[in-house]
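Here's a quick tour of the aromatic residues in this structure. Have the sequence and the 3D view handy as you read.

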Amino acid sequence: MSPQTALYDDWKSQLSQQTNWQVEGKLAFISPDERQSANLNWQQQEQLNQLILTSFIGTRVLALTQNTNGAELEYDDHIYHDINASRLLARLTGFNIPMDSADNWLKGTVDDPSLQVDELGRAKNVTWHAPDGDQWQISYADYQQYAGFWLPKKLTLKHQDIKIKIQLYEWHFN
């Protein structure tokens with residue numbers, strides 16, 4: 001986990017401008033009916049956003065890609081299409097993950113009147129409104145310093161009776 005550099009004075013605005021990134025970690029999806037966990041590799045390159053989930057032994061569970069033309073999901077040896085990645089994922093897997101604007105909530109740079117920050121200006125809690133109208137309670141439990149930024153390490157998303165726990169290990173920017 002390097003490079004270790006001093007924090008930028010304006011790390012939050014600099015981080016919000018980073019549009020090309022990749023992060024690895026784990027995701028746990030918890031609903032009243034089931035618990036699923038997977039390794040995640042999430043990356044964004046300009047207008048392309050891709051989430052790949054793999055099992056703990058490395059088998060690909062799904063690959064969800066969103067770009068300006070719409071969304072594509074590779075799941076169960078088939079490829080599915082829709083305009084909206086979150087809707088496509090929910091329809092085929094039952095998982096509801098807010099893919100839209102993930103760039104902001106995943107990096108902790110979400111800007112909303114409900115945002116609560118800690119003494120270092122890092123996001124702690126926010127009520128995030130997804131473009132589809134869903135409301136998510138997002139809690140940031142831990143951060144890591146990397147490449148001049150504070151980056152979320154542990155976060156929890158809650159929407160109705162769904163909880164998603166995300167643990168992030170390695171961030172990369174290019």
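Trp 105 has a relative accessible area of 0%, so in this predicted model it is buried, the cut-off being under 20%. Leaving aside neighbours within four places in sequence, Trp 105 is in contact with a whole list of residues, among them Trp 42, Pro 98, Trp 128, Tyr 140 and Ile 166.

Two of those names come back when you look at the largest nonpolar core, which has 45 residues. Trp 42, Trp 105 and Ile 166 touch the most other members of that core.

Now for the rings. There are eight aromatic pairs in total. In one of them, the planes of Trp 42 and Trp 105 stand at 80 degrees, and over 60 counts as edge-to-face, so that's what this pair is. The pair links distant parts of the chain: Trp 42 belongs to strand S2 (residues 35-45) and Trp 105 to helix H3 (residues 102-107), 63 residues apart. Trp 42 counts as buried too, because its relative accessibility is 0%.

| Pair | Centre to centre | Angle between planes | Type |
|---|---|---|---|
| Trp 42 and Trp 105 | 5.7 Å | 80 degrees | edge-to-face |
| Tyr 140 and Tyr 143 | 6.2 Å | 25 degrees | stacked |

Both tyrosines in the table are buried: Tyr 140 has 5% relative accessibility, and Tyr 143 has a relative accessible area of 10%.

Elsewhere, Tyr 8, Trp 21, Phe 149, Trp 171 and Phe 173 form one aromatic cluster. And what sits over the ring of Trp 150? That's the charged end of Arg 122, 4.3 Å from the ring's centre.

Conventions. Residues are numbered from 1 along each chain as its sequence is written. This is a predicted model: local features need pLDDT of at least 70, side-chain atom pairs count only at pLDDT 80 or more; totals for chains, interfaces and linings use all residues. Side-chain values use heavy atoms; hydrogens and water are left out. A nonpolar core is a set of buried Ala, Val, Leu, Ile, Met, Phe, Trp, Tyr and Cys residues joined through side-chain atoms within 4.5 Å. Buried means under 20% relative accessible area, exposed over 50%, partly exposed in between (1.4 Å probe, protein chains only). Contact means heavy atoms within 4.5 Å. Rings of Phe, Tyr and Trp (its six-membered ring) pair if their centres lie within 6.5 Å; planes under 30 degrees apart count as stacked, over 60 as edge-to-face and the rest as tilted. Helices (H or I, at least four residues) and strands (E, at least two) are DSSP runs, numbered from the N terminus. A charge sits over a ring if NZ of Lys or CZ of Arg is within 6 Å of the ring centre and within 35 degrees of the ring normal.
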